[in-house]
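Please read these remarks alongside the coordinates.

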Amino acid sequence: MSKKAEHNIKAYGNNFTTMTPGPFAIKLRTCKIWQFIRFIVINIKMLIVVRKSHI
Amino acid sequence: MARLVVLGGGVSGHTAATFAAKWLGSAHEVVVVTPNSKWNWIPSNIWVGVGEMSKEEVTFDLAPVYAKAGINYKQAKALSINPEGSELVNKPFVTIEYTLAGREGMTENIEYDYLINATGPKLNFGATPGLGDANGLGEFTVSVCTEDHAVHANEEFQKCIQKMKKGERQKFLIGTGHGLCTCQGAAFEYILNVEHELNKAGVRDMADLKWISNESFLGDFGMGGLHMKSMGFAVSSKIFAESLFTERNVDWIIGAHVNKVEKGKVSYELLDGSMGEEEFDFSMLLPPYTGVGLKAYAKDGSDITATVFAPNGFMKVDANYSAGAYENWKADDWPKTYQNPTYGNMFACGIAFAPPHPISKPTSSPNGTPINPTPPRTGMPSGIIGKAVAHSICDRILQGENAPLHEASMAHMGAACVASAGKGIFDGTAAAMTIYPVVPDFEKYPGTGRDTDYTFGEIGLAGHWIKHILHHLFIWKAKLKAGWTLIPE
């Protein structure tokens, strides 16, 4: 898999000091099994924040 | 029988009115005054603006919903408030002007026992020459603030795609159209969706995308940025936003006050005082907000607008408006009950309440031009505040005037934000974030101002699915369908 995001960095330009995702991080974003797990986790976290906000 | 009048039928006003109608029952009256005939789930306007949703999918008619809820619905705009009544009428009242077809321009006075001001903002396109005028959006840029604006944005966007397919390179400039704008998150989500759609159409290599905003750093979002827990680090939203843009090859200009828009060109001033120009073929620039221009009059007819409203047109509530310099700001400056300090039977919620000060540190150019985001009060906080205010008023109607007021301070409240990129179930992603509290409390959470156990963000399909679910869930709730009270704001 290419390191496409890195190729967008312009030396000493606006984006020279930021971080870019590698191929593995990008793959995980669309991996259905991993994302299903994250879906459960994010929902739980959001529900906790919603609950704290209604107290 | 007591009468509660709610001005505005957006997220906050609709939440307040529907809960109040449920809690008060038929023994008391709830009146909603809103100039719109339809309710709009504004977060999904982003998808309308890139052609992934129709206007009909993000709106529904208010009349049948309010009929079902037993709410007296008046399609009209509020003009003024007489909180002491007048020389002829002893009770407080609001003056409204109908926008309903067949009754346009007719005025009416509606007496009230309690009033909720949830009018939302006036989209102040006139603040920047060329962005628009007092009547609304201009001819050079587009907006996604309303469902009709979003439809127009998509029409212009599709024209650009067609030009690119014919080999004509296009430049997209998206962000904020004034130094005092808010809702950077909406523009942020829009640029991510534009980029996604250009990829889908196979023309991404023919497009240059640029972000322009009044934030002092990318990822400020009008909340002074945030540190979110990610991969074991407390990562600044600056890194998060810059990474998202870099990955998508989107360039940015920040700390910009757009001071003029012409055909295909914006002029701007930066925080360092320098001036610049940027050309574009397509530009979506959000306007700044002000109050809707409600007036207030005392019993003798004298103008007391300055007593009831802040200079920006938003209603004064129980906030500390004399905090002064940034160094003196505290989380406790933010309102808790949203009760007007002069008239105890008036409340304001959603965007309509006057914040004590910005959340982001105020900045200005050496020329004295203020360039900093104004505080967001939309989405989840808006709904929670609306419900708390309705609860307070219902308690006072049902239990007596001394019933304690409910509190919903943005300094003790979190928010969930999901910025999608794309709409397909498996071909898009989203940046899902929670933030707690919305207003940073540097005394309670030294350093970041927020609880990093509840402030997090990540990118992926999961957030995308949540965005889809929220779209359907909140429209279901707003339509008062089965179980609507179980869906949290």
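The points below concern a predicted model.

1. Interface between chains A and B. On the chain B side, 28 residues are in contact with 24 residues of chain A. Five elements of chain B each supply at least two residues to this side: the helices α6 (237-247) and α9 (461-478), and the strands β16 (250-253), β25 (429-435) and β26 (456-460). The most comes from α6(B), with six residues. By residue class, the side of chain B that touches chain A divides into 16 nonpolar, eight polar and four charged.

2. B:Gly225. This residue sits in the loop that links β13 (207-212) to β14 (227-230) of chain B. Is B:Gly225 buried or exposed? It counts as buried, because 25 C-beta neighbours fall inside 10 Å and the cut-off for buried is 20 or more. Beyond its neighbours within four places in sequence, B:Gly225 is in contact with B:Phe217, B:Gly219 and B:Asp220, and also with B:Ser236, B:Ser237 and B:Lys238.

3. Strand β8 of chain B. Residues 114-117 form this strand, and both of its faces are covered. B:Tyr114 and B:Ile116 are buried on one side, B:Leu115 and B:Asn117 on the other.

4. Partners of β8(B). Strand β1 (residues 3-7) of chain B runs parallel to β8(B) and is joined to it by four bridges; here B:Val5 stands opposite B:Leu115. Strand β23 (residues 346-348) of chain B also pairs with β8(B) in the parallel sense, over three bridges. In that pairing, B:Phe347 is the bridge partner of B:Ile116.

Technical notes. Residues numbered from 1 in each chain as written. Chains lettered and ligands numbered in written order. Predicted model: local features only at pLDDT ≥ 70, side-chain atom pairs only at ≥ 80, totals over all residues. Contact = placed C-beta atoms within 7 Å. Nonpolar A, V, L, I, M, F, W, Y, C, P; charged D, E, K, R; others polar. Buried ≥ 20, exposed ≤ 12 C-beta atoms within 10 Å, placed from the backbone. Pairing = 2+ DSSP bridges.
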